[in-house]
Amino acid sequence: MDLTKTIKRQYTATSNGTDYMNKGLYYYVTISTDPDNYHFLHRKGCKRLPGKDELIFIGTLYNLSQALSIARINFKKVKPCIKCCIRYSAPAIHESVQPVLHFPQKMI
C-alpha cells in the first residue's frame, strides 16, 4: 500500500470518531490546601472537584506526569486526587507479573 492510501485511511478513521491519538484532559489545582499544605490535582468531571472559585485551570494535558510537572511549577506541594487521577493513571497489574527481589532475603 502506498503512502497516500495509508494517510487517507488514517484520516478517514479519525474523522469517523475512532481517534487513534491520545486526547488531552482538563486538569485543575485547588487553591485551598489540606492540613499538610498540599494542593490537589483534579481532572475535569471529578466527583471531589470543588467549586470553580476554588480552582485554577492548569491546562489540557495528556497524562498525570505532565499534569503534576505543570502544577508543581506554581505550587510546591501538589498531590493527585485519588478518585480522578490515581485510579485511572495507575497501570494494571496482571497476575502473571511477579515482583523482582533485588536484594536476597535472609533465610530464617
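**Entry 1: Thr-30.** I began with one residue in this predicted model: is Thr-30 buried or exposed? I found its relative accessibility to be 5%. The cut-off for buried is under 20%, so Thr-30 counts as buried. I placed Thr-30 in strand β1, which covers residues 25-30.

Next I asked which residues Thr-30 is in contact with, leaving aside its neighbours within four places in sequence. My list reads His-39, Phe-40, His-42, Pro-50, Glu-54 and Leu-55.

Entry 2: From Thr-30 I moved out to the strands. I found an open sheet of 4 strands, in the order β3-β1-β2-β4, and its pairing is mixed. At the edges I saw β3 (55-61) and β4 (78-80), each of which pairs on one side only. From one strand to the next, I noted a twist that averages 30°.

How do β1 and β2 pair? I found them antiparallel, with 3 bridges between β1 and β2 (residues 39-43). I also looked up Val-29, and its bridge partner in β2 is Leu-41. I then saw that helix α2 packs on this sheet, touching β1, β2, β3 and β4. The direction of α2 makes about 135° with that of β3.

**Entry 3: helix α2.** I turned to α2 itself, residues 64-74, and asked which of its residues are buried. They are Leu-64, Ala-67, Leu-68 and Ala-71.

On the face turned away from the buried side of α2, I found the exposed residues Ser-65 and Ile-73. At the start of α2, I noted that a side-chain oxygen of Asn-63 comes within 3.3 Å of the backbone nitrogen of Ser-65.

**Entry 4: the whole protein.** Last, I stepped back. I counted 3 helices and 4 strands, which run along the sequence as α-β-β-β-α-β-α. Of the 108 residues, 23% are buried. The protein exposes about 9,200 Å², and carbon and sulfur atoms supply 57% of that area.

Key: Residues numbered from 1 in each chain as written. Predicted model: local features only at pLDDT ≥ 70, side-chain atom pairs only at ≥ 80, totals over all residues. Heavy atoms only, no water. Helix = DSSP H or I, 4+ residues; strand = E, 2+ residues; numbered from the N terminus. Buried < 20%, exposed > 50% of the residue type's maximum accessible area, 1.4 Å probe, protein only. Areas by Shrake-Rupley, 256 points an atom, 1.4 Å probe, with all protein chains shown as cover. Polar contact = N/O pair within 3.5 Å; in protein donor to acceptor, adjacent residues only side chain to side chain. Contact = heavy atoms within 4.5 Å. Pairing = 2+ DSSP bridges. Axes fitted to C-alpha atoms, helices over the stretch in contact; angles between N-to-C directions.
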